[in-house]
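Please work through the exercises below with the sequence and the model at hand. Each task is followed by a stepwise solution.

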Amino acid sequence: MDGRLVLPRPVIEQSRSRPSSYRRPKSPVADDPTIAMVKGFFLQEIDERRAVVPLVGYCFMTGFLNAVCFSAIFAWCASQTGNTIQLSIAIGRLLDKQPDHLYRIVDRLALTSLLSFILGGFVGRIGERVGRSTRIWLVCGTLLQALLTMGAAIALWKSHMPWYAAPDSGPIWTSALAFLAYGFMSASMGLQGVMAKRLNTQFSTSVVLTSIWCELISEPKLFHLRRGVVERDHKFLTIFCMLFGGFSGRCVLDDVGPAFTLGIAAGLRLVISGWWLLIPKKTERKFNGENDDGFQK
């Protein structure tokens, strides 16, 4: 020894110097072929082009839920354009010659819906970590939409609020429980909108129709009636399903009331959640320039 202090090897170097035969003990569950098969099934990415049925169900639910809230408060839980403009008008009233400092019920409803919609949309960003088109995320995300809808049904049931507002009256959902129900409905719509958007299909805008109408009118193959055009036909299907959803929601609402109508909506979302299990997994698509319209001269 020459008197110098000899330091031990770093921990990282020690770990690298372990014999190649060293392996971490495996859990017996990890070796179970059934567990591995189920896990692989739920982590599969679904084929978005063959997911028409659940996405059409999303569009139907938009009309169905909007029929409930609009009948009572003349506002939408899905389309946030009106709510945003409503809040901007409320802020503009503060600059009048005679400022209006009233915090009106319509302003409260608009703020509740907008914030809840944004919160539900941020919950939808969980799919970025799990996988935006994985089966487990689509099933669980739609199941969460059903739970939010059921929460809205319970809140409305406990609020004992009426479901129909006369044409010459204002919003009739004025209690805290009714506001909670409206927030749950808006949050479910925000989550649905983000999930559908991330799938990047013709049903991406499953919560509003303004952009769908614009895209449909500007569709170059709008009048090619002798053959099917996927982009055009799916837009027509989106519009029809929203119309049919609103019609169905209003008819059911008149018979059983808002709480039971939302309960039915939660059940329908459970069906949509289960339908994601039936969508085939994504496969590699072979490129064929002759059949691809984008590469035809």
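The model is predicted, so local features need pLDDT of at least 70, side-chain atom pairs count only at pLDDT 80 or more, and totals for chains, interfaces and linings use all residues. Residues are numbered from 1 along each chain as its sequence is written, and side-chain values use heavy atoms, with hydrogens and water left out.

**Exercise 1. Determine whether the span of helix α11 agrees with its number of residues, and where its buried residues lie.**

Step 1. Helices are DSSP runs (H or I, at least four residues), numbered from the N terminus. The expected span of a helix is 1.5 Å times one less than its number of residues.

Step 2. Helix α11 covers residues 258–275, which is 18 residues, and should span 26 Å; the C-alpha atoms at its ends are 26 Å apart, in agreement.

Step 3. Buried means under 20% relative accessible area, with a 1.4 Å probe and protein chains only. In α11 the buried residues are P258, A259, T261, L262, A265, A266, R269, I272 and S273.

Step 4. Viewed down the axis of α11, the buried residues fall within an arc of 155 degrees, so they line one face of the helix. The arc is taken from the directions from the helix axis to the C-beta atoms.

Step 5. An α-helix has 3.6 residues a turn, so residues three or four places apart point the same way.

Step 6. The buried residues of α11 pack against α3, α7 (135–159), α8 (176–199) and α10, where contact means heavy atoms within 4.5 Å.

**Exercise 2. Characterise the largest cavity by volume and lining.**

Step 1. On a 1 Å grid over the protein atoms alone, a cavity is a set of points where a 1.4 Å probe fits but cannot get out, and lining residues have an atom within 4 Å of a point. Points are joined across faces, edges and corners, and a volume is the space filled by probe spheres set on them.

Step 2. The structure holds one cavity of 30 Å³ or more, and the largest cavity has about 30 Å³ of space.

Step 3. Its lining consists of G124, G127, E128, R132, W137, M195 and R198. Both α6 (126–130) and α8 supply at least two residues of this lining.

**Exercise 3. Describe the surroundings of M195.**

Step 1. M195 is found in helix α8 and, at 2% relative accessibility, counts as buried.

Step 2. Apart from neighbours within four places in sequence, M195 is in contact with Y58, W137, L138, G141, T142 and Q145.

Technical notes:
Buried means under 20% relative accessible area, exposed over 50%, partly exposed in between (1.4 Å probe, protein chains only). On a 1 Å grid over the protein atoms alone, a cavity is a set of points where a 1.4 Å probe fits but cannot get out, and a pocket is an open set with protein on both sides within 12 Å along at least five of seven lines; lining residues have an atom within 4 Å of a point.
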